[in-house]
Amino acid sequence: MNRWIILAVAIVAMSLSCRRALTDDEKTWYRDTVNEELTDVFYIVSTNIGHSENADGTSAYNAVLTDAEVAALRREAEYIKQNFADSFNLFAPIYHQCTMEAYLHENNDSVLMFRKRSESECCKAFDYYMEHFNNGRPFIVAGFSQGAMNVVALLKHMTDEQYRRCKAAYVMGYRLSSEDLEHHHIEAATGETEGKVVSFNTVASSDGIWSLVANEAATCINPLNWMTDTTPATGWIVYDGQIDHYAIYDSAFAAEAKAGDTIYVNVKLDVATNVLAATAPVLPLSYAMNAPAFGLNDNKNLHLADLFFYLPRLRENAIKRAYK
């Protein structure tokens with residue numbers, strides 16, 4: 001099919017798919033009751049929708065936001081709220097995100113269009129938040145995976161006055177390119193509270209890099225020690241006794257592990273690729289991306305660790321940045 005026909009079809013589908021005005025209702029936002037003494041977190045959720053359908057049964061490459069899809073987006077926002085506890089107000093827009101299927105679309109122009117819609121909605125949601133919800137409070141922006149892509153777009157969208165009130169930006173599981181770093185709103189973190197934008201991607205080995213999120217990374221920081229060099233740091237997980245839920249890197253150790261044991265994970269920055277390499281006797285498969293369609297095999301990419309593994313350290317860091 002001619003690519004211009006594909007683009008025309010995509011435009012029509014996008015214009016028809018569950019268009020909703022931004023309001024303050026629960027179908028448009030996940031948000032807290034506001035404490036005026038707290039800093040806000042504007043959080044953009046990751047890709048939670050694999051496949052979505054228009055009313056006629058055709059694929060919708062931006063989620064149409066059925067009740068089930070809205071619930072999926074809200075679950076991630078709820079997880080973030082639980083981890084950031086009552087130290088922050090949380091606002092998360094429910095947006096027509098790209099589906100996983102969209103990123104596999106054969107037409108690159110169409111993929112760019114699906115992504116632009118996702119980015120545009122998040123920027124418009126931020127504008128609505130600033131006008132209707134923020135009330136002059138300082139704020140943090142954060143996102144994981146597709147959400148992190150949109151945080152990068154949002155940083156470029158902000159006014160200079162808004163950026164001055166932004167205490168930190170967490171770009172979890174997505175890269176900052178050299179081009180991104182040329183923008184005056186993207187100051188890469190160089191320490192625990194130095195530089196505003198924190199970005200990182202995690203792998204189990206260098207051949208596990210996911211090009212979609214980590215290619216051309218020009219910077220990275222280790223959230224376990226806030227270093228940008230090869231200084232290693234140690235985190236930990238608790239082994240649950242289910243070996244089939246873990247990638248085994250040391251079979252002798254795994255044979256001796258017992259449920260409840262603490263497994264120490266060493267995390268070190270690979271300065272050649274600007275990703276974090278995490279090594280341990282065992283690592284949870286729940287952290288791994290093993291998606292052959294994206295060229296990911298053998299559980300060597302630990303994309304989900306970027307959301308789940310570092311959150312306690314990110315919360316500590318956000319408190320220091322917001323209230324120092």
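The protein chain of this predicted model contains 11 helices and 12 strands. Its C-alpha trace spans about 55 × 50 × 35 Å along the principal axes. The radius of gyration is 20 Å, which agrees with the value near 20 Å that a compact globule of 324 residues would have. Of these 324 residues, 52% are buried.

Rolling a probe the size of a water molecule over the atoms shows where empty space is left. With a threshold of 30 Å³ or more, the count comes to 1 cavity, and the largest cavity holds about 40 Å³ of space. Its lining is formed by Thr202, Val265, Ala278, Leu283, Tyr287, Leu302, Ala305, Phe309 and Tyr310. Sorted by class, this lining of the largest cavity comprises 8 nonpolar residues and 1 polar residue, whereas charged residues are absent from it.

Strand E3, which runs over residues 88–93, includes Asn89. Because its relative accessibility is 1%, and buried means under 20%, Asn89 counts as buried. A polar atom of the Asn89 side chain lies 3.5 Å from the backbone oxygen of Leu38. Leu38 is also among the residues in contact with Asn89 once neighbours within four places in sequence are left aside, and the others in that set are Asp32, Thr33, Val34, Asn35, Thr39, Asp40, Val41 and Arg137.

The segments on either side of strand E3 were considered next. Ala85 is placed in the loop between helix H2 (67–84) and E3, and with a relative accessible area of 28% Ala85 is partly exposed. Most residues other than glycine have a negative phi. Ala85, although not a glycine, has a positive phi of about 50 degrees. Ile94, in turn, belongs to the loop between E3 and helix H3 (100–103), and its relative accessible area of 4% is the reason why Ile94 is classed as buried. The C-alpha atom of Ile94 is separated by 9.9 Å from that of Ala72, a residue 22 positions away along the chain.

A positive phi is also found at Trp226, where the angle is about 60 degrees although the residue is not a glycine. Trp226 lies in the loop that connects helix H8 (211–214) with strand E8 (233–238). The relative accessible area of Trp226 is 9%, so this residue is buried, whereas Ala85, the residue with a positive phi of about 50 degrees, is partly exposed.

A further position of interest is Ala153, which is located in helix H5, a helix formed by residues 146–157. The relative accessibility of Ala153 is 16%, and since buried means under 20%, Ala153 counts as buried. When residues up to four places away in sequence are not counted, Ala153 touches Glu119 and Cys123. Between the C-alpha atoms of Ala153 and Ala214, which are 61 residues apart along the chain, the separation is 16 Å.

Technical notes: Residues numbered from 1 in each chain as written. Predicted model: local features only at pLDDT ≥ 70, side-chain atom pairs only at ≥ 80, totals over all residues. Heavy atoms only, no water. Helix = DSSP H or I, 4+ residues; strand = E, 2+ residues; numbered from the N terminus. Buried < 20%, exposed > 50% of the residue type's maximum accessible area, 1.4 Å probe, protein only. Polar contact = N/O pair within 3.5 Å; in protein donor to acceptor, adjacent residues only side chain to side chain. Contact = heavy atoms within 4.5 Å. 1 Å grid on protein atoms, 1.4 Å probe; cavity = no way out; pocket = protein on both sides within 12 Å on 5 of 7 lines; lining within 4 Å. Points joined across faces, edges and corners; volume = space filled by probe spheres on them. Nonpolar A, V, L, I, M, F, W, Y, C, P; charged D, E, K, R; others polar. Rg over C-alpha atoms; globule rule 2.2 N^0.38 Å.
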